[in-house]
Protein chains: 4
Amino acid sequence: MFEYEHKVQYYETDQMQIVHHSNYIRWFEEARMAMMESTGFGYEKMETQGVIIPVVEAQASYRSMVRFGETVLIRPKIKKFNGAVLEIIYDVVDKKTGVLRCQGRTKHAFLDAEGHLISLKYAKPEFYDYFRKLESAQTEPVTKGAQDPDKNPDS
Amino acid sequence: MFEYEHKVQYYETDQMQIVHHSNYIRWFEEARMAMMESTGFGYEKMETQGVIIPVVEAQASYRSMVRFGETVLIRPKIKKFNGAVLEIIYDVVDKKTGVLRCQGRTKHAFLDAEGHLISLKYAKPEFYDYFRKLESAQTEPVTKGAQDPDKNPDS
Amino acid sequence: MFEYEHKVQYYETDQMQIVHHSNYIRWFEEARMAMMESTGFGYEKMETQGVIIPVVEAQASYRSMVRFGETVLIRPKIKKFNGAVLEIIYDVVDKKTGVLRCQGRTKHAFLDAEGHLISLKYAKPEFYDYFRKLESAQTEPVTKGAQDPDKNPDS
Amino acid sequence: MFEYEHKVQYYETDQMQIVHHSNYIRWFEEARMAMMESTGFGYEKMETQGVIIPVVEAQASYRSMVRFGETVLIRPKIKKFNGAVLEIIYDVVDKKTGVLRCQGRTKHAFLDAEGHLISLKYAKPEFYDYFRKLESAQTEPVTKGAQDPDKNPDS
């Protein structure tokens with residue numbers, strides 16, 4: 001499981017004296033980018049090579065409040081990947097206590113440099129393999145194939 | 001229908017040369033606050049009188065990209081209100097063309113100054129009436145009661 | 001004098017229950033862009049035509065606190081323009097009371113699409129005239145030439 | 001010398017494909033807070049004990065552009081501290097190359113919980129000592145007293 005640490009910044013708070021809810025969407029991005037980079041192939045290289053991965057949906061359920069002075073751990077996990085769609089879910093927990101702060105989800109498409117939708121499997125097979133590798137790294141290899149037929153490249 | 005206008009700011013763009021997705025969550029807040037204020041009773045007065053309305057869930061589906069130089073209209077609409085929970089849905093459309101840019105949703109709870117969950121109907125009946133009035137202003141009075149039994153204050 | 005109105009947003013506050021100081025730098029940008037657009041030639045058109053105007057210095061002196069629920073007026077004024085350097089100063093005042101909130105300054109260079117420094121007077125004379133026009137609109141034509149020899153296009 | 005590391009986030013970029021200039025003001029805050037915390041006495045404890053340290057001035061000179069994928073080091077240094085005023089200067093350099101990216105400065109006052117200006121030396125001597133310690137840690141003790149008579153607590 002990949003885990004990303006974020007120290008709460010003062011500028012992330014609002015006058016409710018908690019972190020403003022919009023920042024969690026940014027934390028998801030921080031964790032997602034760090035997860036991609038953790039395999040040695042960061043998102044900036046993808047953009048350089050003509051693949052853009054916009055967010056097509058984002059969602060966050062706020063479970064408990066986060067305050068300045070705290071540190072959170074964000075745990076992104078690939079929920080679905082088939083070359084055309086990428087779905088990631090996130091848990092945000094307090095670093096010290098482990099208390100759940102937020103659960104979220106983002107959904108992504110893949111575009112080429114001209115902004116057209118592409119399927120990585122055909123358009124950029126090396127990127128396809130990269131996401132497959134990332135997905136494998138976070139689950140048990142034995143149970144993976146059995147749970148999700150989408151993960152069979154031939155289906 | 002309440003409508004809020006937002007001119008896209010340069011600092012809201014990212015290197016994809018579109019508005020960063022996290023900003024739509026902020027636009028929902030702008031529109032929500034403006035809708036509340038449109039009846040002459042803004043959110044800052046609620047906070048002053050000890051009622052806090054945190055976001056407990058936020059969601060956005062991005063339909064088409066928004067760029068610097070454009071202006072969007074955000075249309076918030078109360079989807080559910082029963083004194084304990086408030087749900088608002090949002091359409092974001094391009095001002096010039098009317099093209100749909102984003103659809104979203106936020107869910108809110110009501111807290112007192114000590115951070116305890118409250119039901120406005122009992123804890124702050126004048127605020128309860130205020131949200132009912134806001135809700136009524138945006139829907140047909142004839143069909144409202146029939147569609148949603150939650151909206152009957154006596155049920 | 002050009003004047004830009006900004007309604008304080010909740011997400012701009014911090015836990016000190018005032019607007020976070022970094023947002024004033026963004027307000028300067030909002031006002032600067034609106035001033036440019038007020039003459040019918042917005043910044044997005046400049047970028048489209050290959051002129052980029054990065055900020056090379058920014059400064060803000062905070063005179064009194066701004067809170068949620070308030071509206072401010074931002075008054076940008078061109079302090080210096082010679083085709084290679086643009087300096088703008090800003091006053092931020094409370095809309096209701098006129099009380100001074102902040103004074104600031106930004107300094108800008110002009111780059112072409114390849115990122116090289118350019119002088120608008122030679123590289124893009126129509127943009128040079130545009131800024132001259134903007135500058136003239138905000139000052140007395142009689143005193144302008146006398147005060148600042150830089151403003152003589154033939155010098 | 002205290003040094004704070006910041007990895008550039010995607011949401012910090014703008015459509016110029018560089019970090020938006022307002023974010024450096026936030027980075028100064030990140031580094032300042034981390035410096036304060038490095039001695040085991042973070043800013044959130046000061047606020048809890050009734051001392052607020054607002055920014056009364058902020059300035060940044062942008063020397064070279066920072067892009068997504070890069071990491072910067074921010075080096076805050078106390079320039080002046082006399083119990084009533086705190087001035088900090090900042091260098092931002094690229095982590096990999098050491099190239100200077102930005103130089104900045106912030107100036108702060110000290111307020112009590114009611115928002116009145118205070119001098120730490122009298123109002124909160126333990127906080128005064130704390131900042132003195134922080135200041136000493138970053139300079140040579142031999143030359144310090146000679147350079148700046150302000151730093152003599154008895155003067």
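Me: Before we start, what does contact mean here?
Reply: Contact means that heavy atoms lie within 4.5 Å. Please also keep in mind that this is a predicted model.

Me: Fine. How many residues does the contact take from chain A and from chain B?
Reply: Chain A contributes 25 residues to the contact, and chain B contributes 25 residues as well.

Me: And what area do the two chains bury between them?
Reply: About 2,100 Å² is buried between chain A and chain B, and 55% of that lies on carbon and sulfur atoms.

Me: Which three residues of chain A supply more of its buried area than any other three?
Reply: They are A:M16, A:H21 and A:R26, which supply 25% of the area that chain A buries against chain B.

Me: Let's turn to helices. How do α1 of chain A and α1 of chain B cross?
Reply: Helix α1 covers residues 22–37 in chain A and residues 22–37 in chain B. The two axes come within 8 Å and cross at roughly 175°. Angles over 145 degrees count as roughly antiparallel, so α1(A) is roughly antiparallel to α1(B).

Me: Which residues meet there?
Reply: From α1(A) come A:S22, A:N23, A:I25 and A:R26, and they meet B:S22, B:N23, B:I25 and B:R26 in α1(B). By class, this contact has two nonpolar, four polar and two charged residues.

Me: Now symmetry. What superposes chain A on chain B?
Reply: A rotation of 180° with 0.0 Å of shift along its axis does so, with an RMSD of 0.0 Å. In chain A, the C-alpha nearest that axis belongs to A:Q59, at 2.1 Å. The same surface serves both copies, as 100% of the contact residues of chain A recur in chain B.

Me: What about chain D and chain A?
Reply: Chain D is superposed on chain A by a rotation of 180° with 0.0 Å of shift along its axis, again with a stated RMSD of 0.0 Å. These two copies are therefore related as by a two-fold rotation axis.

Me: Which residue of chain D comes closest to the rotation axis?
Reply: That residue is D:H6, whose C-alpha is 5.6 Å from the axis. Here too the same surface serves both copies, since 100% of the contact residues of chain D recur in chain A.

Technical notes. Residues are numbered from 1 along each chain as its sequence is written. Chains are lettered from A and ligands numbered from 1 in the order in which they are written. This is a predicted model: local features need pLDDT of at least 70, side-chain atom pairs count only at pLDDT 80 or more; totals for chains, interfaces and linings use all residues. Side-chain values use heavy atoms; hydrogens and water are left out. Copies are superposed by least squares on the C-alpha atoms of residues with pLDDT of at least 70 in both. Axes are lines fitted to C-alpha atoms, for helices over the stretch in contact, and angles run from 0 to 180 degrees between N-to-C directions. Helices (H or I, at least four residues) and strands (E, at least two) are DSSP runs, numbered from the N terminus. Angles under 35 degrees count as roughly parallel, over 145 as roughly antiparallel, 65 to 115 as roughly perpendicular and the rest as oblique. Ala, Val, Leu, Ile, Met, Phe, Trp, Tyr, Cys and Pro count as nonpolar, Asp, Glu, Lys and Arg as charged, and the others, Gly among them, as polar. Buried area is the accessible area (1.4 Å probe) that two parts lose on being put together, summed over both.
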